[in-house]
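Dear colleague,

I am handing over the structure that we spoke about, together with some notes on what was found in it. Please read the notes with the structure open beside you.

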Amino acid sequence: MTKKEYLRKLKRRLYFLKSEEKRSIIDYYDEMIDDKIESGCTENVAVSDLESPKTVADKVREDRKAEGKSAGVKLSAPIMVLLIVGSPLWLGLSIGLFGICIGLVVVAAVVPIVLVLSGAATLIAGIIELFQNVPIGVTMIGSGLAAGALGCLAWVVLVWFIKKTIIRKENKIK
Amino acid sequence: MDVQLKRGVLENCVLAAMLDGEIYGYELIKKVSPYVDISESTLYPILRRLEGGGAVTVRSVEHNGRLRKYYAITQFGRNKLKEFLNDWEDVIKIYGFIKTEYLK
């Protein structure tokens, strides 16, 4: 085998390396063969003294494994970040978090509504009850009004809270 | 020889071969091979590792119309070699212990 043939075969075997690394190995063997020829070997002997391109490539692969490098092309940092960010795990987690937020908002909105509605219902029931049993009717009207007032208060607090957070965000954007 | 052990020994052989001055790959193999079996494919990763670790510097020199890489040992490489020799004394002691226990 000639030097040219050997290097061509080796290059093909090293397909899994980045071109820069491949170049470095090819240059190394190119120099080795030239130096052997210079020291008196024929080209044929110089090349046949070397391990076969397959053996060399296998050794390169083994060395990379031993050094903890992947056999293939290395992943660049942005790709790794993308892989982490794009992991399906995050999708599940963010959906879960989103669900919790929606739940909190719904609860916050439902509390005043429920209070006002149940207050109104108790008030109406209290008025009806007033015709049969005055003390109970008065108590019911009172508690209904109290529940309604609490509901209104909760609504005002909720609106104030939402306004405050949204306005603060808008100010930040400005 | 155990692979890990051989790797460590070879690295230091390669460093020792540079103590006389800078040396190129083929010359290095010729210098080391009477003592320890070393092929081109074994030498390559050792040189890369030594260079990457700062124990060796490399420069390309034009020779007969082509480029030849010359490797030189750095001060860090010399320290490494010294460390290896110091460690080796301990290894010999341990080896002696293992041998006497084994032959009992």
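In what follows, a contact means that heavy atoms lie within 4.5 Å. This is a predicted model, in which local features need pLDDT of at least 70 and side-chain atom pairs count only at pLDDT 80 or more, while totals for chains, interfaces and linings use all residues. Residues are numbered from 1 along each chain as its sequence is written, chains are lettered from A and ligands numbered from 1 in the order in which they are written, and side-chain values use heavy atoms, with hydrogens and water left out.

Chain B first. The secondary structure of chain B comes to four helices and three strands (DSSP runs numbered from the N terminus, helices being H or I with at least four residues and strands E with at least two), and along the sequence they follow the pattern α-β-α-α-β-β-α. Of its 104 residues, 37% count as buried, where buried means under 20% relative accessible area, exposed over 50%, and partly exposed in between, with a 1.4 Å probe and protein chains only. Among contacts in chain B between residues at least 6 apart in sequence, 54% join residues at least 24 apart.

Leaving aside residues up to four places away in sequence, B:Arg66 touches A:Glu31, A:Asp34, A:Asp35, A:Glu38 and B:Val61.

Which residue forms a salt bridge with B:Arg66? A salt bridge here is a side-chain nitrogen of Lys or Arg within 4 Å of a carboxyl oxygen of Asp or Glu, and the partner is A:Glu38, with the closest N and O atoms 2.9 Å apart. Because B:Arg66 lies in strand E3 of chain B and A:Glu38 in helix H2 of chain A, the pair joins two chains. A:Glu38, at 37% relative accessibility, counts as partly exposed. Salt bridges that share partners join A:Lys3, A:Asp30, A:Asp34, A:Asp35, A:Glu38, B:Arg66 and B:Arg68 into one network.

Over all chains, the search finds 20 salt bridges. One of the others is between A:Arg23 and A:Asp27 (3.2 Å, N to O), which both lie in helix H2 (residues 19–38) of chain A, four residues apart, about one turn of the helix.

As for the aromatic residues, the search of the whole structure finds six aromatic pairs over all chains; rings of Phe, Tyr and Trp (its six-membered ring) pair if their centres lie within 6.5 Å, and planes under 30 degrees apart count as stacked, over 60 as edge-to-face and the rest as tilted. A:Tyr28 and A:Tyr29 form an edge-to-face pair, 5.1 Å centre to centre with 85° between the planes, and both residues are buried. The rings of B:Tyr24 and B:Tyr70 have their centres 5.6 Å apart and their planes at 75°, so this pair is edge-to-face. Since B:Tyr24 lies in strand E1 (residues 23–24) and B:Tyr70 in strand E3 of chain B, the pair ties together parts that are 46 residues apart in sequence.

The charged end of B:Arg68 sits over the ring of B:Tyr24, 3.5 Å from its centre, the rule being that NZ of Lys or CZ of Arg is within 6 Å of the ring centre and within 35 degrees of the ring normal.
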